[in-house]
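Today I opened my notebook to look up the aromatic rings in this structure. Here is what I wrote down, entry by entry.

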Amino acid sequence: MKKVSIIIPVYNVEPYVARCIDSVVNQTYNNLQIIVVNDGSIDNSLQILNTYNDDRLQIITKENGGLSSARNEGLKYVVGDYILFIDSDDCIHLNMINVMIKEAIKTDADIVSIYEKRVMSDDVIEEDMQIANVSSYQGKDCLSQLLLNRIPNYVWGKLYRSELFTKSKVTFPVGQNYEDVATSYKLFSYCNKLSVIHKQYYYYFIRENSIVHTKRLEEVRSIVEHIVNMSKYEIVNPYWGIYRLKLLYGAYVYAYCLSKEVKQSAEFGEEVNKMDMLCNSIKTEYPIFVYMFTPNFYKVLIVKLKLIKLFGSIKQYMKR
């Protein structure tokens, strides 16, 4: 019976952590190693974790170092055949792991991916027991699904064969946000078999004060740094360029949504110059017609023609 190691970073999530842990310990699949990394919480998160009497639960406490640091710490303790990441303010369907591990064994998949259901804090989660459709991919098609954004690049919501982390030597970038962007493409580049279960088994809770909903220049800087590092990573795939250009599109849009004061700073100008240099570099790799029949082609066109600056100028002018 295959063992699944689950890594759950915890930092000051007192109102949500019990909901998350309950959804894991009550899974219909029992052969679990539940690695909970308490990343220096100063609220009652650790006290709540200590109330659980479950031999499968392994609580590790460390000084606060951020989400990437906590995930890296959790990876040190993995003994399972497969790895699953869950954020501590989210939760999962009680049959999710059972469905995913059966699919992994059936198809010998290196990665099994499911979809998320985005939930507001006061929404009621309804159990969906209908049979899900499954799509399977092999070879380079596995990476293509990620690069074309047909599956999300979050590391959560996916069951990984543990060997992928050994082969890819993946660690999460400490001190940077959008750590999933920095790691997913590496894991998928080593994936030979992928199964996608078309079902929303992961419940992603939206909080206004979460990292991804806070607009800061540091967010732009992290995305740009990840794209720079991607340029050093050799991937032979026709969609490698469009993936980076769409990430760059997101960085541009994010940047021009920042406050007027931030956009007038020298640091902002430096980041925009970096993005322009990346744009010039990436857009020369493939002619525009290569991308014409890919999803979200307009985003790539906007970046390649640098229309995003024009949109930013118009927006600023309208605010006068």
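I call a residue buried under 20% relative accessible area, exposed over 50% and partly exposed in between, using a 1.4 Å probe and protein chains only. By that cut-off I noted Trp240 as buried, at 5% relative accessibility.

I am working on a predicted model, where local features need pLDDT of at least 70, side-chain atom pairs count only at pLDDT 80 or more, and totals for chains, interfaces and linings use all residues. I number residues from 1 along each chain as its sequence is written, and side-chain values use heavy atoms, with hydrogens and water left out.

Next came the ring pairs. I paired rings of Phe, Tyr and Trp (its six-membered ring) if their centres lie within 6.5 Å; planes under 30 degrees apart are stacked, over 60 edge-to-face, and the rest tilted. How many aromatic pairs does this rule give? I got 10.

I looked up Phe85 and Phe165: this pair is tilted, at 5.9 Å centre to centre and 50° between the planes. Phe85 belongs to strand E4 (residues 82-85) and Phe165 to helix H6 (residues 163-168), so the pair ties together parts 80 residues apart in sequence. Helices (H or I, at least four residues) and strands (E, at least two) are DSSP runs, numbered from the N terminus. Phe85 is buried at 1%, and Phe165 is buried at 9%.

I also found that ring pairs join Phe85, Tyr160, Phe165 and Phe172 in a cluster.
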